[in-house]
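Student: I would like to go through a structure with you. Could we look at it together?

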Amino acid sequence: MYIRLILLSIATTIAVALDNTTAVTVTTPEKKLILHSRSNITITLNVTATSDVIFNITSSSHEIINLTNGNLVTIANNSRSVTVEIQSYDKAGTVYLTVSLVNPSNLNLTIPDLDMAVIHSRPVETVNVVLGWLCFASWSISFYPQVWKNWKRKSVIGLSFDFLGYNLLGWICYSMFNAALLWYPAVIHEYHLKYPHGVISVQLSDACFSFHAFLLTGFTILQCFLYERGGQTLSSVCRTLLALFVCAMVIMLIVATSGCITWLQYVSIFSYVKLAVTLFKYSPQVYVNCRKKSTEAVSIYQFLLDLTGG
């Protein structure tokens with residue numbers, strides 16, 4: 001009996017939550033506008049109302065996007081939706097359109113915000129995307145010559161383990177940074193609040209590349225355990241630096257969780273770590289090459305493709 005009541009209560013709670021979530025939908029035919037253009041948004045009411053429903057629509061930046069005919073819109077009680085026109089101005093950036101209920105106040109509605117971006121030019125946006133995927137292709141291919149060389153030699157002697165360790169840390173940080181700015185709503189919202197005229201430059205190609213780089217670097221490290229390595233191991237300096245980086249990220253996670261810094265600030269630390277690692281990660285491999293007076297263990301194509309992508 002008690003179990004049935006508990007299950008019924010849970011089902012009712014879920015049903016109410018789903019009903020509130022889908023009670024109002026806010027849609028637009030295009031989420032990216034160019035400067036000085038017009039589009040529209042549609043507010044759809046998915047519950048039955050006995051009277052007219054009035055909403056107030058506000059823009060997080062009136063200098064970027066605003067409504068052309070005022071902020072108040074009404075859905076008549078014999079209608080389900082209303083479409084209003086919006087206009088972009090002479091500034092690019094991302095805005096949040098917030099829809100709030102004005103009347104009747106007794107309706108309990110959950111209304112999602114709508115984020116929209118204003119860009120300078122669609123051709124420039126297209127070129128930017130194409131170049132991003134070309135870089136993704138070049139940089140991603142650059143990992144395979146080294147993997148092939150290791151397999152062919154059945155040896156990783158001469159390949160710096162420190163370089164691989166720093167590289168793995170860098171790709172982990174870069175992957176987390178890209179994923180947060182692409183898919184974590186709290187970080188995206190904080191970014192637009194801090195930079196109201198800014199557009200997040202991270203693209204899907206960046207995230208795909210960083211994930212791929214992490215996997216291929218991890219596979220190369222796996223080869224170090226499978227093939228002859230001649231007693232090579234991580235240096236004490238590398239172990240210490242990697243441990244310090246990891247401890248710092250854990251401490252900053254605790255700080256972010258406690259609310260002392262924002263999640264955007266925490267995610268930004270990953271980008272700084274990636275930048276720092278990039279500045280010196282090649283040094284161990286250069287040192288090994290100089291000491292051995294040989295580059296036999298290293299694929300030159302890896303660096304040529306890396307340079308091409310850059």
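This is a predicted model: local features need pLDDT of at least 70, side-chain atom pairs count only at pLDDT 80 or more; totals for chains, interfaces and linings use all residues.

Student: Where is N66 found?

Tutor: N66 is in strand 5, residues 65–67 (strands are DSSP runs of E, at least two residues, and helices are runs of H or I, at least four, numbered from the N terminus).

Student: Is N66 buried or exposed?

Tutor: N66 counts as buried because its relative accessibility is 16% (buried means under 20% relative accessible area, exposed over 50%, partly exposed in between, with a 1.4 Å probe and protein chains only).

Student: And what does N66 touch?

Tutor: Not counting residues up to four places away in sequence, N66 touches S59, N71, I86, Q87 and Y89; contact means heavy atoms within 4.5 Å.

Student: Turning to the nonpolar cores, which residues of the largest one touch the most other members?

Tutor: In that core of 28 residues, they are V24, I43, L45, F55, I65 and M116 (a nonpolar core is a set of buried Ala, Val, Leu, Ile, Met, Phe, Trp, Tyr and Cys residues joined through side-chain atoms within 4.5 Å). Strands that each supply at least two residues of this core include strand 3 (38–45), strand 5 and strand 8 (93–103). Another core, of 25 residues, lies apart from it, with Y166, L169, C173 and M249 among them.

Student: Which residues line the largest cavity?

Tutor: Its lining consists of F143, Q146, L159, F163, L164, N167, T217, T220 and Q302. On a 1 Å grid over the protein atoms alone, a cavity is a set of points where a 1.4 Å probe fits but cannot get out, and lining residues have an atom within 4 Å of a point.

Student: Which helix gives the most to that lining?

Tutor: Helix 4 does, with three residues. Helix 4 (161–183) and helix 6 (204–226) each supply at least two.

Student: Helix 6 also holds H212. Why does H212 count as buried?

Tutor: H212 counts as buried because its relative accessibility is 17%. Leaving aside residues up to four places away in sequence, H212 touches S140, F143 and Y144.

Student: How far is H212 from W171?

Tutor: Their C-alpha atoms are separated by 9.0 Å, although the two residues are 41 residues apart along the chain.

Notes:
Residues are numbered from 1 along each chain as its sequence is written. Side-chain values use heavy atoms; hydrogens and water are left out. On a 1 Å grid over the protein atoms alone, a cavity is a set of points where a 1.4 Å probe fits but cannot get out, and a pocket is an open set with protein on both sides within 12 Å along at least five of seven lines; lining residues have an atom within 4 Å of a point.
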